[in-house]
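Me: Hi! I keep meeting labels in descriptions of proteins, and I would like to learn where they come from. Could we go through one example together?

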Amino acid sequence: MKNYPLAATVLAILITQFLKYPISRIFIKKTETKLSIIHTTGGMPSSHTAAVTALITALSLQEGFASPYVAIAAAYGLIVMFDAMGVRRQSGEQGVALREILDLLEAKALEKKDPLLEEKLQQLAKKDLIIDDYLGHKPSEVFGGLLTGVLIALLSRYVFYFLGWVF
């Protein structure tokens, strides 16, 4: 395999995305978990973090830890993980608050029979707003992604070597 780091990164994204459903359903015990979690951002483990840590691990194994490629990937990885816990997490929490505000406004409009408020809410409904609370990550989800990415990079190297795909 000529580009093991790329293969490990893509595998980490795919495997981690598919792991989100059983982890959420079985370990976190969210019974309302939908299969759509497989293709959304957020949740346990972080596929973004798994991707960058798989890339860092694969590059370290292939090029050596002192390689400038590892330094670039590590810097990129830190930015991705910080962003997942910071900006994207805040956006997800704001989405939850926005959904709650809209629900309260709808209840108030129905209670008071306010036609202007009902019309505004209907206009918002027509825009088909997708308010996603799975947007960002908790630190534990990022740590789960970190472990997943390292494991996938190590296991994929072993499997590729076993299959005879040369590095």
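Reply: Happy to! Let us begin with a term: an axis is a line fitted to C-alpha atoms, for helices over the stretch in contact, and angles run from 0 to 180 degrees between N-to-C directions. This is a predicted model, where local features need pLDDT of at least 70 and side-chain atom pairs count only at pLDDT 80 or more, while totals for chains, interfaces and linings use all residues. Residues are numbered from 1 along each chain as its sequence is written, and side-chain values use heavy atoms, with hydrogens and water left out.

Me: What makes something a helix here, and how many helices are there in the protein chain?

Reply: Helices (H or I, at least four residues) and strands (E, at least two) are DSSP runs, numbered from the N terminus. By that rule the protein chain has six helices and zero strands, and its pattern along the sequence reads α-α-α-α-α-α.

Me: Why are α2 and α6 called oblique to each other?

Reply: The axes of α2 and helix α6 (residues 139-162) come within 7 Å and cross at roughly 40°. Angles under 35 degrees count as roughly parallel, over 145 as roughly antiparallel, 65 to 115 as roughly perpendicular, and the rest as oblique. The angle of roughly 40° falls in the rest, and therefore α2 and α6 are oblique.

Me: What is the handedness of the crossing of α2 and α6?

Reply: The crossing of α2 and α6 is right-handed. A crossing is left-handed if the near helix is turned anticlockwise from the far one by less than a right angle, and right-handed if clockwise.

Me: What makes α2 roughly antiparallel to α3?

Reply: The axes of helix α2 (residues 47-63) and helix α3 (residues 68-85) come within 9 Å and cross at roughly 165°. That angle is over 145, so α2 is roughly antiparallel to α3. The crossing of α2 and α3 is left-handed.

Me: Which residues of α2 and α3 meet?

Reply: Contact means heavy atoms within 4.5 Å. Among the residues that meet are Val52, Ile56 and Leu59 in α2, and Val70, Ala73 and Val80 in α3. The residues of this contact divide into 11 nonpolar, five polar and one charged. For these classes, Ala, Val, Leu, Ile, Met, Phe, Trp, Tyr, Cys and Pro count as nonpolar, Asp, Glu, Lys and Arg as charged, and the others, Gly among them, as polar.

Me: How do you know that α3 is roughly antiparallel to α6?

Reply: Their axes come within 9 Å and cross at roughly 150°. Since this angle too is over 145, α3 is roughly antiparallel to α6. The contact is made by Met81, Ala84 and Met85 of α3 and Pro139, Val142 and Leu146 of α6. By class, that contact has six nonpolar, no polar and no charged residues.

Me: Why does leucine 78 count as exposed?

Reply: Buried means under 20% relative accessible area, exposed over 50%, and partly exposed in between (1.4 Å probe, protein chains only). Leucine 78, in helix α3, has 59% relative accessibility, which is over 50%, so leucine 78 counts as exposed.

Me: And what makes serine 140 partly exposed?

Reply: Serine 140 is found in helix α6. Its relative accessible area is 42%, which lies between 20% and 50%, so serine 140 is partly exposed.
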